[in-house]
Amino acid sequence: MINPVEINSLIKLLDDPDKEIFEHIHEKLLSYGSAAIGYLESAWEQAFDPLLQERIADLVHEIQFGIVKEELKLWYQSGSFDLLQGVLTVNKYQYPDLDEQKVINQIEAIKRDVWQQMMYEASPAEQVKLINHVFYNIYGFSGNTSNHQDPQNSYLNQVLETKKGNQISLAIIYSIIAQKLDMPIYGVNLPQHFILAYVDESMETEFEGGILFYINAFNRGVMFGRRDVDMFLKTLKLHAEKQFYEPCSNSDIIRRILRNLISAYENLGSAEKVAELNELLEIVS
């Protein structure tokens, strides 16, 4: 049970010039975890001393970052089954007060609009054309070609608000909606690109790996075949490895998001964020 008087007294001592006292206070407040955040934020608003404000802000970030690390570790160690939960955890690195339910509701709304227009006996290609119509024409999602390196392209809550994202964020939303509608559409970890595969395991003998076709979520859901993947790999001078054609795991997808974010923040010269995101990458590696 947290003692408000004690915690507020400790916060007032955060600007102590004695390094040992400061470190002791810092560790004590850190031990309260998320329970301390409200008190720290309230103290930050009332503080006039820039040093005290800076130390409070750093401490809040440290607690919130610790929570993200724990959540990501738990998600990974328990089997990484829920892709959306993994993505939301990464989102909370930048948006610690993220309204997860709002994101879930936004995805559910798109799913519902696709479902309402679905024909019972639609072929896989017809199903994809319907998702494409709702996703790109009605909701207006598109690839962010003008500012592709922006880290916001990797945060799902931002992509759902702006309707602009990178290859992987658009593919994640697309595949989550498809899977909620029992369409077997999964991410494929292609070098320098991220695509989707429509998988029909009953066709595994006829089609390699049961993949009927691929989908490019970054380019308005255009469908294409294995030969196009062959050609793409040739242009990159890469050998045709199995992993470039088949669905990847949820943890592969989270690693790809984190690498994208690391690259984006390196581009912005944000060394602190790069270091922290490398810590998150280590958790799922």
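User: Okay, is K163 buried, partly exposed or exposed, so what is its relative accessible area?
Analyst: K163 is partly exposed, with a relative accessible area of 22%. Buried means under 20%, exposed over 50%, and partly exposed is in between, with a 1.4 Å probe and protein chains only. One heads-up: this is a predicted model, where local features need pLDDT of at least 70, side-chain atom pairs count only at pLDDT 80 or more, and totals for chains, interfaces and linings use all residues. Residues are numbered from 1 along each chain as its sequence is written, and side-chain values use heavy atoms, leaving out hydrogens and water.
User: Where does K163 sit?
Analyst: In the loop between helix 8 (156–162) and strand 2 (164–165). Helices (H or I, at least four residues) and strands (E, at least two) are DSSP runs, numbered from the N terminus. K163 also has a positive phi of about 65°, although it is not a glycine. Most residues other than glycine have a negative phi.
User: And what about D182, what phi does that one have?
Analyst: A positive one of about 60°, and D182 is not a glycine either. D182 is in the loop between helix 9 and strand 3, and it is exposed, at 71% relative accessible area.
User: New topic: how much space is in the largest pocket?
Analyst: About 270 Å³. On a 1 Å grid over the protein atoms alone, a pocket is an open set of points where a 1.4 Å probe fits, with protein on both sides within 12 Å along at least five of seven lines; lining residues have an atom within 4 Å of a point. Points are joined across faces, edges and corners, and the volume is the space filled by probe spheres set on them.
User: Which residues are closest to its centre?
Analyst: H148, Q149, N166, Q167 and N260, out of 16 lining residues. Helix 11 (residues 250–267) gives the largest share of that lining, five residues.
User: What does I254 contact, skipping neighbours within four places in sequence?
Analyst: L72, W75, L83, G86, V87, V90 and V284, where contact means heavy atoms within 4.5 Å.
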